[in-house]
Number of protein chains: 2
Amino acid sequence: MQNTVKFTKPFLEICKKVNTRKGHLIQPCRTKVLSVQNMNPHVKNMEYAVRGPIVIRAGEIEQELAKGVKKPFTEVIRANIGDCHATGQKPITFLRQVVAICTDPERLMNDPSYPADAKDRARRILDSCAGQSVGSYSDSSGVRVIREDIAKYISERDGHPSSPDDIFLSTGASDSIKTIMKLMMTGESGKDRAGIMIPIPQYPLYTATIAEYNAHPIGYYLDESNTWALNIPEMKRAINEARNHCIPRAIVIINPGNPTGQVLPRQNIVDIIKFAKEENLFLMADEVYQHNIYASGSEFHSFKKVLTEMGPEYNTMELASFMSTSKGYMGECGFRGGYCEVINLDPDVKVMQLKSISAKLCSSVSGQAVMDVVVNPPKPGEPSYDLFMKEKDFVLGQLKKKAEMVTETFNSIDGISCNVVQGAMYAFPNIKIPAKAIEAAKAAGQKPDAFYCFQLLEETGICVVPGSGFGQVDGTYHFRTTILPPTEKLQGMLEKFKVFHGQFLQKYK
Amino acid sequence: MQNTVKFTKPFLEICKKVNTRKGHLIQPCRTKVLSVQNMNPHVKNMEYAVRGPIVIRAGEIEQELAKGVKKPFTEVIRANIGDCHATGQKPITFLRQVVAICTDPERLMNDPSYPADAKDRARRILDSCAGQSVGSYSDSSGVRVIREDIAKYISERDGHPSSPDDIFLSTGASDSIKTIMKLMMTGESGKDRAGIMIPIPQYPLYTATIAEYNAHPIGYYLDESNTWALNIPEMKRAINEARNHCIPRAIVIINPGNPTGQVLPRQNIVDIIKFAKEENLFLMADEVYQHNIYASGSEFHSFKKVLTEMGPEYNTMELASFMSTSKGYMGECGFRGGYCEVINLDPDVKVMQLKSISAKLCSSVSGQAVMDVVVNPPKPGEPSYDLFMKEKDFVLGQLKKKAEMVTETFNSIDGISCNVVQGAMYAFPNIKIPAKAIEAAKAAGQKPDAFYCFQLLEETGICVVPGSGFGQVDGTYHFRTTILPPTEKLQGMLEKFKVFHGQFLQKYK
């Protein structure tokens, strides 16, 4: 489950051979039209740590194990990516039933083993598809009834109206995040470039997208000493320093936090909205983990709800909120369902936004159908309600337990501290790396946290992502681990981790 | 099935009201952070005619009809987009069975009403998915066994080897076309910008993408008098003129042609490859209609095959070939399946390419499963073979008949000429627009072909796309129509068209 790149070495070798037969050049070797020297420099600058070098190495190790190479472990534990089903989570029955019926209605719409409410959902979606087929293109912004269901879900969640005309479906949340960011990209170099405020640590899609569009990242540090809260004076510092390098346009907030697992209190959100208004920033709220709240006292407040309730000075602010089918209790990453609600967008800009997505035609209609189930699940009294609630509660209950287990275990280890995992699917523990290990990392040409994570991988098979892939205060070191492996496996992983950490400290003390 | 944009007028009106109560400004209206003036200018420059203004108008007319507004017709015929299922084409049974089993294996893998070969295919795909679920992320480049099946399909099609490591799956072909183009985008302004050669007329995804990345389109005119052939002297003219404006990097060829419906003879492909070699261009072959060949004597030759057979001077050239699940006989647009085979790419560039797609995580796994069926259909002797072949042959047979019908009918109309629709799904007839109509169009602020197509829509309900959306020789006028409506409906459409055209000539004679 990773990218392994096999280089076509033979060609390069042939080139060398041919060119070195002095004076006897049989055939001139064609120089590549496209090289790293003459390619798009912004693509070169992109980084995406969640599938970076350590994950490539994990894949190699898996292949080595498969070939019978002896290791101090028998399997790689992939705690690098929020991929629920890959770590054994079972799909929600009702969700898959609806999508299966949409896929083969001729056979399944009348199958007595499928429940009536799943059939009703599927029929309603198909009736809104051209030719009643999920094989036809939808509107660029998505199937109409699905957008209506999303608007209804948001209205009920927040207690404030939402319009299907403000919603567009996308290939995961990533796709709509890029669509919205792209609208703001102006200026080709220097101070004229758009600046986008992002939390540090952040989910690396943001820095990757900013690099791709040659914009300027304005990193604001989350307050690790205060459960990764967003600290307004720090945000002011960040934006003021950035004005010499760019024109600040937007602020990204990830709530619940990735990789940091915090859930923002309402007052923090109020302060952020006030800040964004003062600084004239477009609000981008990454709210894909809105179902993943574990800590007692924590509650999800959408930016839309808070901004609406802040009244006339604030409720006309531009806000994009992103949601995904890949997280929550469903964890349907492979279907690539996602949506964005954009409110208060200038109507002329909205025309441009719709035009810009129309060339992509539409997102996967089966992914859209998955999203429909997420926003329109079985209701009390419907035949699938009990099973659906049981499955949903089981997944979220397990995640809650695992969040607690991870927090407790890391905090019990000498030299590691970890904020409470209040929500999302990750912990981002702080590790004290001894000076000798830092030197050894330097000698190896690695960042200290990468050095640590690579050793962890080689010695235990545990694959986590170094904090440097997400950003961190200079001189501090972290890693991101998911809380997704099944309870027993996670427990085993944490025990192995403990042992490794002790030996690492010993080795470099 | 279109984008209708409802403007939030009330807000703008409130703003006006508040601001005009002289000296009594109750509340300052927030200026939009993002406006058409300060947004990304490249997004503003994008155009995508296939879902442009005429299609938006078609949607409005449908809504008017639904409300009971009287029109000279009772339904809109959407001949603007290659959306097979939307016009009534039925899905291929085997394909949907495999995807349904992949979606709900718990229930369907043992269902006796599903054939064994569909189950085998589904099991094989699931075994290659992490956690055996299509709900997990795949490799960024796609599920391994599906890439293997694609490589096998290409090898068998061409008689030359293909490697799964050269293949990546994408969200339709559009997504991989953008990925490859993006690699070549360099230079921010003026002569330093990348130039991409595209046919005129072209599929507007190309101009939209070029505009989005601020590159320079180098249009080479297809030879309408020679069945839309690619004319090498014309290509030389185009590239030579362009050198003052950009650095030419790549050439796009669409074969079979969209919107032009031609199928390139082998010799034409040989000449193009020679030209690309001389000019040091990256070859981009849009081959999504490779199954759609109708004219006797026409045959599909892949660029990969021809280039490979041209021997050592040519077989190391960089080439990307694009394929989709949306076209062919399956017409599965909504699943957004697609792939790209890139050969001879510089290994270091390949690393960058894989990195650039990794931030998108992966394309829809159910779309990938659809692609797997396309490249690995039932074989003789398997239980689903006969039905599969019957359904496939029926669709392609109907398309062949419709291609002939459309060519003949248009050529029978005074003032219209139409090249033989040899392949793909479109005709691009040439219409002589009378001088008076051109004047009337000018007065109405419309391009003459758009003026013609809008009248066609308003008077007959037929929705086709003006030639100006694809590009055409100055002073000539065309439109693109699909050949997709069911035979009877298409016949009726062509008859209505004939009448309209006669009346139009009469009106403006």
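Residue A:A424 counts as buried, because 30 C-beta neighbours lie inside 10 Å. In this predicted model, A:A424 belongs to the loop between β9 (416-417) and β10 of chain A. Its phi is near 60°, a positive value in a residue other than glycine. Most residues other than glycine have a negative phi, and most peptide bonds are trans. B:W228 sits in the loop between β4 (216-221) and α10 (232-242) of chain B. With 23 other C-beta atoms within 10 Å, B:W228 is buried, since 20 or more are required.

Between β13(A) and β14 (residues 479-482) of chain A, the antiparallel pairing runs over two bridges. Within β14(A), A:F479 stands opposite A:P466.

The chain is divided into domain 1 (9-45), domain 2 (51-88 + 398-507) and domain 3 (139-375). The centres of domain 1 and domain 3 of chain A, taken over C-alpha atoms, are separated by 44 Å. Along the principal axes, the C-alpha atoms of chain A fill a box of roughly 70 × 65 × 55 Å. A compact globule of 509 residues would have a radius of gyration near 23 Å, and the 25 Å of chain A therefore agrees with that expectation. Of the 509 residues in chain A, 54% are buried. When contacts in chain A between residues at least 6 apart in sequence are taken, 69% join residues at least 24 apart.

Strand β3 (194-200) of chain A provides a view of the interior. Six of its seven residues are buried, so β3(A) is largely enclosed by the rest of the structure. The strand pairs in the parallel sense with β4(A) over six bridges, and A:M197 has A:I218 of β4(A) as its bridge partner. A parallel pairing also joins β3(A) to β5(A), over four bridges; here A:G195 stands opposite A:P248 in β5(A). In a regular strand the side chains alternate between the two faces of the sheet.

A cis peptide bond, with omega about 0°, joins A:I200 and A:P201. A:P201 lies in the loop between β3 and α9 of chain A. In chain B, a cis peptide bond with omega about 0° joins B:I200 and B:P201, and B:P201 is placed in the loop between β3 (194-200) and α9 (205-212) of chain B.

Helix α10 (residues 232-242) of chain A has A:M235, A:A238 and A:I239 as its buried residues. Viewed down the axis of α10(A), these buried residues fall within an arc of 90°, and they therefore line one face of the helix. An α-helix has 3.6 residues a turn, so residues three or four places apart point the same way. The buried residues of α10(A) pack against β3 (194-200), β4 (216-221), β5 (247-254) and α11 (266-278) of chain A. Turned away from this buried side is the face of α10(A) that carries the exposed residues A:P233, A:N240 and A:E241.

Chain B contains a mostly covered strand, β2 (residues 167-171), in which five of five residues are buried. β2(B) pairs in the antiparallel sense with β8 (residues 337-343) of chain B over five bridges. Among the positions involved, B:I167 has B:E341 of β8(B) as its bridge partner.

The two chains meet where 96 residues of chain A are in contact with 96 residues of chain B. On the side of chain A that touches chain B, the helices that each supply at least two residues are α2 (41-45), α4 (93-103), α5 (105-108), α8 (172-183), α9 (205-212), α13 (347-358) and α14 (365-375). The largest share, 10 residues, comes from α13(A). By class, this side of chain A has 40 nonpolar, 35 polar and 21 charged residues.

How values were computed:
Residues numbered from 1 in each chain as written. Chains lettered and ligands numbered in written order. Predicted model: local features only at pLDDT ≥ 70, side-chain atom pairs only at ≥ 80, totals over all residues. Pairing = 2+ DSSP bridges. Rg over C-alpha atoms; globule rule 2.2 N^0.38 Å. Buried ≥ 20, exposed ≤ 12 C-beta atoms within 10 Å, placed from the backbone. Contact = placed C-beta atoms within 7 Å. Nonpolar A, V, L, I, M, F, W, Y, C, P; charged D, E, K, R; others polar. Arc of directions from axis to C-beta. Domains from an automatic or database assignment.
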